[in-house]
Every structure is written in C-alpha cells, then in structure tokens.
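Please read the following briefing alongside the sequence and the three-dimensional model. The points are grouped by topic.

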Amino acid sequence: MEPDSWQNLLDELTLKVNNDKTFKKSNQLKEREVGLFCTNEYYSTRLSKWITHCLSHGTHLKSESKSLICRNKGNNKYKLHDDEGSLELYTESVRYAPRGSSDLALAYANRSAVLLHMGYYQECLRDIDLALKNNYPQHLRHKLEARQGQCLAERQRHNKSLLEQQITGMSQKDNKYVTENKKICSQEEMATQACSANTFSRDCQQEHYIELPSVVHGENDKFPFASSALDLVYAYISLFIIGVHTFSNLNLVEMELDSELKLKIRPLLGACKFSLNQYDKFKGRHVKTNRDIKIKEILFVEKPFAFVVLPDHYNVHCHHCCKSFIAPIPCWECSDALYCSEVCRQESWEDYHQWECHGGLQLFHSVGIAHLGLRVVLRAGNLQSVRQKWEKLKDDVNLPGVAGTELRDKDDCYKSVYHLMSHLEDMERDDYLQYALVRGRLL
C-alpha cells in the first residue's frame with residue numbers, strides 16, 4: 001500500500017537511507033552519494049510506483065460524462081434564476097469537456113447565456129465565439145447568432161447609458177473644462193473619454209490589465225527595477241585592475257573590506273583604472289537609501305520571473321498571469337489549469353505547462369517549493385538553452401554579489417535567479433536527502 005502523501009514517502013525513504021550502509025553517516029550527503037542515491041534501483045522504483053499511483057488516482061482527466069452531468073445541473077440552476085450557481089456549473093462543464101467535442105461547444109454556449117443575463121458582455125461574446133469554433137451543432141447555430149446580436153445591442157445600450165450618466169454628472173459641475181494646452185472640450189468629448197476608461201463597466205473590468213506603477217525618482221541605471229533613491233551595498237570590494245603585471249591573468253580580485261585595506265590598496269593602484277563599490281562586510285549585500293523617502297513612495301517594481309498558483313486559487317486566478325476571472329478557459333489536455341484568455345493558455349503551454357500537464361500539476365504541487373524551482377527552469381527556455389546558460393554562468397569569474405553584474409541584465413532575468421543563495425551548506429542531512437528525492441522525482 002502506497003503512503004497517503006508525498007511527505008510520508010519522503011520520511012519512509014529518508015529512514016531507509018539513514019539505515020543503509022551504502023551511504024556514509026555524515027552531516028551532509030556529498031555529490032557522489034546523491035548520484036548513487038538517485039540511480040539506486042530500489043529508490044527509483046519506489047518513486048516510479050508513487051508517481052504511477054498518483055496519476056491513476058488523479059482528477060485531471062477530461063470526461064464527457066462529468067461535463068454532461070455539470071451542464072445538466074447548470075441548466076436546472078439557470079431555470080431557477082440562480083445565475084451564480086449555473087455559472088459555476090457551466091464552468092465545470094467547460095473544464096471537463098474534451099477538446100473539440102460537442103460537449104465543449106454546448107458548455108460554452110450555455111455559459112454564454114448566463115453571462116449575458118449577468119451583464120458580462122465581453123465574456124458572453126467570447127464564449128459564443130469559442131462554441132462556434134468547437135463545432136457547435138449546425139441546427140442550433142441560429143440561437144447563438146441571435147444571442148450574439150442581443151449581446152451586442154445590450155452592450156451598446158449599456159455604454160450609451162454610461163455616457164449619459166457622465167454627461168449628466170458633468171453638467172452639474174461645469175459645462176466645459178480647460179485642458180493643460182488651454183483647449184476647450186465639450187462635455188460630450190470628455191464623457192466619451194471617461195466612458196472608455198470607466199471602471200464601472202463590467203466589460204472594462206474584465207479587459208483591463210493593471211499597468212505597473214513607476215518607481216520614484218526614476219529607475220537606477222545600476223540596479224534594475226529599483227529607484228535611483230537606492231544604492232546596492234556589497235559584502236566585498238570589487239577591483240577591476242588594468243595594467244598591473246602581478247594580476248595580469250585576473251579580471252577581478254575579490255577581497256574582504258576594511259578601511260585599512262582600502263587605504264593600502266590605493267597607492268598600489270596608481271593610475272590604474274578601478275572602482276571601489278560601497279560595502280559592508282558585516283551586513284553582507286543589502287540596499288540602503290541615498291535620500292529621504294516619503295511614505296507611500298514606490299521604490300521597487302518588478303514582475304516575477306516565475307510563480308506558481310496554489311490549488312486553492314485555481315478556480316479564481318489565471319494559471320499564467322494570475323489575473324482573476326469570471327469565465328475561465330481550460331487547458332486543452334487537462335482539467336487543472338484555467339486561464340483568463342486564449343493568449344495566456346497558449347503562452348503557458350509553450351513556456352512550461354506542456355511539461356506539467358496530464359496530471360503533473362497535482363504531482364508537482366505535493367513537492368511544495370520545489371515546484372517553483374522547476375517552473376524557474378522551464379521559464380528559462382528549452383532544455384538546450386538552459387544548459388547553455390548554465391555552462392556560461394558556472395564559469396563566470398564575476399562571483400554573485402561581488403560586482404552586481406547579475407542584477408544589470410533586464411533581458412536575462414534567469415541570471416539573477418541563478419545567483420540566488422542556495423544555503424546548501426547550512427542544510428541538515430535529512431533535508432538535503434529529501435531535496436535529492438524531490439530532484440529525482442522531478443527528473
């Protein structure tokens with residue numbers, strides 16, 4: 001009988017390794033031992049059996065019967081005017097329907113009806129389009145075409161009503177206003193502009209992508225994504241020496257910093273080109289301000305290189321961009337991943353989801369933070385390009401955190417991720433072993 005969780009399996013195998021004379025009793029498993037462990041037939045077999053067991057009991061598979069059951073339940077809710085309940089069940093029907101099946105087309109069509117009733121016009125039109133793309137029955141197409149026309153008319157009336165509300169509201173304040181360039185605009189022009197950005201429209205809410213704010217005082221040219229009001233302080237001093245015979249074979253000399261050493265180095269360098277970065281050997285690398293900072297001023301703005309949506313949020317956030325949605329689009333192959341748009345679905349598949357699909361998400365979720373580690377690798381590119389990046393970075397003479405070069409390439413964020421501290425030297429033997437087990441499972 002297989003353990004009921006991945007952690008229980010880890011604990012079982014960890015105990016066995018600790019009692020296995022093949023592996024030395026040391027504080028840490030060395031690289032050679034990890035290699036032996038990962039290729040050991042017993043442990044490899046146990047991992048394979050666990051993976052097979054999980055996949056056989058997974059809920060990721062598409063199912064026409066599940067889709068039909070959810071759609072029928074949704075129809076009953078819709079007849080009772082339970083919009084929220086019917087929307088949830090129609091979404092489940094879409095989720096489980098196999099790609100290209102009539103069940104998928106019917107699920108999209110039925111969901112478009114409740115979306116129209118709830119005033120989500122953009123989502124309604126998209127679902128109608130998806131139903132037609134997925135071979136919606138020819139003899140029923142006239143219903144979708146009529147609903148499409150009704151939706152367009154409703155949306156037009158809705159936008160017109162918003163426009164009238166804007167005009168009425170402005171007429172109470174002022175009939176005209178003056179722009180920065182002193183031109184006079186009519187209230188109708190202003191209302192049109194306001195309506196186009198009106199956040200009360202459900203269409204606008206769903207199509208609006210939040211723009212990232214800007215950092216105060218402009219971006220730092222030596223510290224990407226950070227304000228120029230910040231300085232990066234290093235734990236070491238970087239000396240870029242040119243023309244010194246003693247260091248003719250070195251591009252960088254790393255030395256621990258103290259004030260006496262700094263004074264001794266200066267006369268030795270003479271006219272040579274060098275840079276002395278700010279440093280603090282006690283605090284290590286850190287950030288400090290170079291001016292007063294006011295409350296609410298933004299100092300950092302950076303998109304994550306990679307992230308993982310937790311299962312509890314699968315039903316409310318896009319698997320690729322993390323945006324909340326009303327009527328998600330499912331993965332083509334599994335019922336786990338949901339997306340806010342076809343664009344996100346396509347990008348996710350090309351970047352990483354093709355390797356996580358078919359039950360992989362449920363497996364990878366159980367390994368916790370290691371799933372994020374895998375996503376980082378997959379987001380870095382195809383396996384060949386990742387290998388090339390790794391070969392280049394491991395031979396880089398600019399050690400992480402010394403010159404800060406790993407922070408300055410905005411086009412290659414993987415470089416900064418690669419240079420994150422692993423803290424393997426501080427890890428307990430059992431933890432090290434369990435990470436090796438996870439590594440074997442991911443591979």
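The accessible surface of the chain comes to about 26800 Å², and 52% of that area belongs to carbon and sulfur atoms; such areas are computed by the Shrake-Rupley method with a 1.4 Å probe, and for residues only the protein chains shown count as cover. This is a predicted model, in which local features need pLDDT of at least 70 and side-chain atom pairs count only at pLDDT 80 or more, whereas totals for chains, interfaces and linings use all residues. Residues are numbered from 1 along each chain as its sequence is written, and side-chain values use heavy atoms, with hydrogens and water left out.

**Overall make-up**

- The chain has 443 residues, of which 39% count as buried, where buried means under 20% relative accessible area, exposed means over 50%, and partly exposed lies in between (1.4 Å probe, protein chains only).
- The chain contains 17 helices and 10 strands; helices (H or I, at least four residues) and strands (E, at least two) are DSSP runs, numbered from the N terminus.
- When contacts in the chain between residues at least 6 apart in sequence are considered, 62% of them join residues at least 24 apart, a contact being heavy atoms within 4.5 Å.

**The largest nonpolar core**

- The largest nonpolar core has 27 residues, and those with the most contacts inside it are Tyr-108, Leu-115, Cys-124, Ala-131, Tyr-136, Leu-144 and Cys-151; a nonpolar core is a set of buried Ala, Val, Leu, Ile, Met, Phe, Trp, Tyr and Cys residues joined through side-chain atoms within 4.5 Å.
- Two or more residues of this core are supplied by each of helix 5 (83–96), helix 6 (102–118), helix 7 (121–133) and helix 8 (141–171), and the largest share, 10 residues, comes from helix 6.
- Leaving out residues up to four places away in sequence, Cys-151 touches Leu-116, Tyr-121, Cys-124 and Leu-125.
- In soluble globular proteins, nonpolar side chains tend to be buried together.

**Helices with a buried face**

- Helix 1 (residues 6–18) has 13 residues and should span 18 Å at 1.5 Å a residue, which agrees with the 18 Å between its end C-alpha atoms; the expected span is 1.5 Å times one less than the number of residues.
- The buried residues of helix 1 are Trp-6, Leu-9, Leu-10, Leu-13, Thr-14, Val-17 and Asn-18, and, seen down the helix axis, they fall within an arc of 160 degrees, so they line one face of helix 1; the arc is that of the directions from the helix axis to the C-beta atoms.
- Within helix 3, the buried residues are Tyr-43, Arg-46, Leu-47 and Trp-50, and because they cover an arc of only 95 degrees around the axis, they sit on the same side of the helix.
- On the other side of helix 3, Glu-41, Thr-52 and Ser-56 are exposed.
- An α-helix has 3.6 residues a turn, so residues three or four places apart point the same way.

**Positive phi outside glycine**

- His-81 has a positive phi of about 65 degrees although it is not a glycine; His-81 is found in the loop between helix 4 (64–79) and helix 5, and is exposed, with a relative accessible area of 65%.
- Phe-225, in strand 4 (residues 223–227), likewise has a positive phi, near 75 degrees, without being a glycine.

**Residues brought together from separate parts of the chain**

- Ser-214 lies in the loop between helix 10 (202–207) and strand 3 (219–220) and counts as exposed at 62% relative accessibility, while its C-alpha atom is 9.2 Å from that of Phe-225, 11 residues apart in sequence.
- Ala-229, in the loop between strand 4 and strand 5 (230–233), is buried, with a relative accessible area of 0%.
- Leaving aside neighbours within four places in sequence, Ala-229 is in contact with His-217, Lys-288, Thr-289, Asn-290, Arg-291 and Ile-293, and the C-alpha atoms of Ala-229 and Leu-299, 70 residues apart along the chain, are separated by 7.7 Å.
- Leu-363, found in helix 13 (residues 360–365), counts as buried at 9% relative accessibility, and Leu-363 and Ile-51 are 7.4 Å apart, C-alpha to C-alpha, although 312 residues apart in sequence.
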